[in-house]
Structures are given as C-alpha cells and as structure tokens.
Amino acid sequence: MELIKTAALSYDYPQTCGLDHLDLTIQTGEFVCLMGPNGSGKSTLLRILSGLAVASAGTYTFDGQVIDAAWLARPAQRQQLHQQIGMVFQNTDVQLFNSSVAEEVAFGPRQLGLSPAAIDQRVTDCLALTGATAFRDRVPYQLSGGEKKRVALASVLALNPTVLLLDEPLNGLTISAQTEMLALLQQLQAAEKTIIMASHNYQQVQTVGDRFIIFNEQHQIAADVTQAELAAQTTRQAELMKL
Ligand SMILES: Nc1ncnc2c1ncn2[C@@H]1O[C@H](COP(=O)(O)OP(=O)(O)OP(=O)(O)O)[C@@H](O)[C@H]1O
C-alpha cells in the first residue's frame, strides 16, 4: 500500500535550499535507506515526513492525507501523526528530557492515557527490545551516545508507531551495537513497520535496506534503486563507500 508520497516537494531554509522538487513514493513495510553527502537534505526530508517541518512548495501525503501547515495546526491531528510516525533524531539530546530512562519511555504512553499497568508493560518490553533494560533507573542525560540512541528508540517504540524515521541511528554505536540495532530494525520491519533511515555507512546498511534513495549536493534525488539494482552498480557503490 502506498503510505508516503511527495510531489515536487521543496524546502527552503532562509539562506539555502534544503530539498529541491522531490517526487517519491514509499510503500507500507519498506526498509528505505536515505543516503548522500553531508547537507544533501536527508534530515530535512525526515523532519518533513515527521511533521516537524512543512514543505515550502509541493505536497506531502501520508496514508492518503495531505499533511500541510493547516492540517498540522490542529493539535489532535498533529498528535495522531506523531503517534503513527516515530522519529529518532540524529542528536538524541533533543529528545531525552525526563529524569529517568523508565520515565522517558513511559512519557509517550502516559500522554496516550494508557493505564499504569499497561504503561509499565510497554516500558519493560521496549527497554528489553532495545537492550536498554540495564539503564532503566539511570538519568538519560548521563548515558553514553550509544546508550542514548537505544533509549530514544525505546521511547519511540513505546508509542507503537507504524513508521520509524531514524537519522543516523548507527552513529556513536560500537560495531556490535550497530549490528544489534540493524537486526532490531529488520525485526521491526518483519513486524510490518515501515523503516526510513538516513545513514552515511553504506557498508553497514547495504544488506538491510530494500531500497536506497540517494541525494546529490543539489538536494535532489540522484538515484532511487532497489538493493539488487544497487548491488549491480559498482561505480555508485564505490561513491557511497566514500561518504
Ligand atoms: N536549521 C537550518 N538552518 C539553515 N540551513 C539549514 C538548517 N538545517 C539544514 N540546513 C541546510 O539545508 C541543507 C540540507 O541539510 P540537511 O541537514 O537536511 O542535510 P543532511 O543530508 O541530513 O546532512 P548530514 O548528512 O550532514 O546530516 C544543507 O545545505 C544545510 O546546510
């Protein structure tokens, strides 16, 4: 099913272009890797898809609904989108603000009005899933970068979103933690989540992504290819290895 669609979507920052005329369609259950040089627009696209930013021109449609400034201005609608689309930020410090890890993960489910027992169950499950159970009583702010990533993912999963947006989720993780994170994302895809992940590390993600959307320095899509298509494009692969 067509879940996400953008048509001629552009985004302008005050002094620079963020995205230039993007046309893309993402189906439910796909595992999409966004790749490309620094500043090419990957984070900007994730911010628009999550509803944190609004396109300067063109349209963004999620699950048949056009998401624009007017639609997002209604708090109930914005909350509905944020429940369906979870985002793990590149800088996890911006999303961790509670006094303990357990509180951090409980925050979203509490906003949804779940019972204390149901909240506790979600916290326990999501911490176990992300390998963060040992940090349950720690202060999120004092965790290492890699530990913060797991807690951020746990807090996003606690809302049971259908789409997961991840901005460089492997940064700051050890090699074994990167492998665990990718295995977890594949497990989530198998549970019918749609995964959209920005990454620099082609070597790490080449076997997990179904599809690779590659940006160029002009903030446009340079290529939109399946894993098999990319595997046959040796020059492009060599370029991605250098990112
Ligand atoms: N808050 C901002 N204010 C002004 N310009 C910005 C801002 N954020 C991003 N940009 C600019 O928009 C363009 C796209 O940036 P974006 O962060 O989306 O790229 P990216 O592909 O995610 O980069 P990276 O790989 O370095 O994270 C860049 O030219 C960047 O300098």
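## Helix α7 and its partners

The buried residues of helix α7 pack against β8 (194-198) and α8 (202-205). Here a residue is called buried if 20 or more other C-beta atoms lie within 10 Å of its own, exposed if 12 or fewer do, and partly exposed in between, with C-beta atoms placed from the backbone. Helices (H or I, at least four residues) and strands (E, at least two) are DSSP runs, numbered from the N terminus. The model is predicted: local features need pLDDT of at least 70 and side-chain atom pairs count only at pLDDT 80 or more, whereas totals for chains, interfaces and linings use all residues. Residues are numbered from 1 along each chain as its sequence is written.

Which residues of α7 are buried? They are Met181, Leu182 and Leu185. These residues cover an arc of only 95° around the axis, and therefore lie on the same side of α7; the arc is that of the directions from the helix axis to the C-beta atoms.

Helix α7 comprises residues 175-190, which is 16 residues. From its first C-alpha to its last it reaches 23 Å, close to the 22 Å expected at 1.5 Å a residue. The expected span is 1.5 Å times one less than the number of residues.

## Two residues with positive phi

Most residues other than glycine have a negative phi. Glu192, which follows α7, has a positive phi near 75°. Glu192 is placed in the loop between α7 and β8, and it is exposed because it has 9 other C-beta atoms within 10 Å.

Ala8 also has a positive phi, near 45°, although it is not glycine. Ala8 belongs to strand β1 (residues 2-12). With 12 C-beta neighbours inside 10 Å, Ala8 counts as exposed.

## The six-stranded sheet

Six strands form an open sheet in the order β6-β7-β8-β3-β9-β10, with mixed pairing. The edge strands, β6 (85-88) and β10 (221-226), each pair on one side only. Two strands are said to pair if DSSP finds at least two bridges between them.

Strand β9 (residues 211-215) pairs with β10 in the antiparallel sense over five bridges. Within β10, Val225 stands opposite Phe212. In general, strands of a sheet pair through backbone hydrogen bonds, either parallel or antiparallel.

Leu143 is found in the loop between α5 (116-129) and α6 (145-157). Is Leu143 buried or partly exposed? Leu143 is partly exposed, because 19 other C-beta atoms lie within 10 Å.

Leaving aside residues up to four places away in sequence, Leu143 touches Phe135, Arg138, Lys148 and Val151. Two residues are in contact if their C-beta atoms, placed from the backbone, lie within 7 Å. Leu143 and Ala55 are 88 residues apart in sequence and 34 Å apart in space, C-alpha to C-alpha.

## The protein as a whole

The secondary structure comes to ten helices and ten strands. Of the 243 residues in the protein, 39% are buried. Among contacts with a separation of 6 or more, 68% join residues 24 or more positions apart.

The C-alpha trace spans about 50 × 45 × 35 Å along its principal axes. The radius of gyration is 18 Å, which agrees with the value near 18 Å for a compact globule of 243 residues. This radius is taken over C-alpha atoms, and the globule rule is 2.2 Å times the number of residues to the power 0.38.
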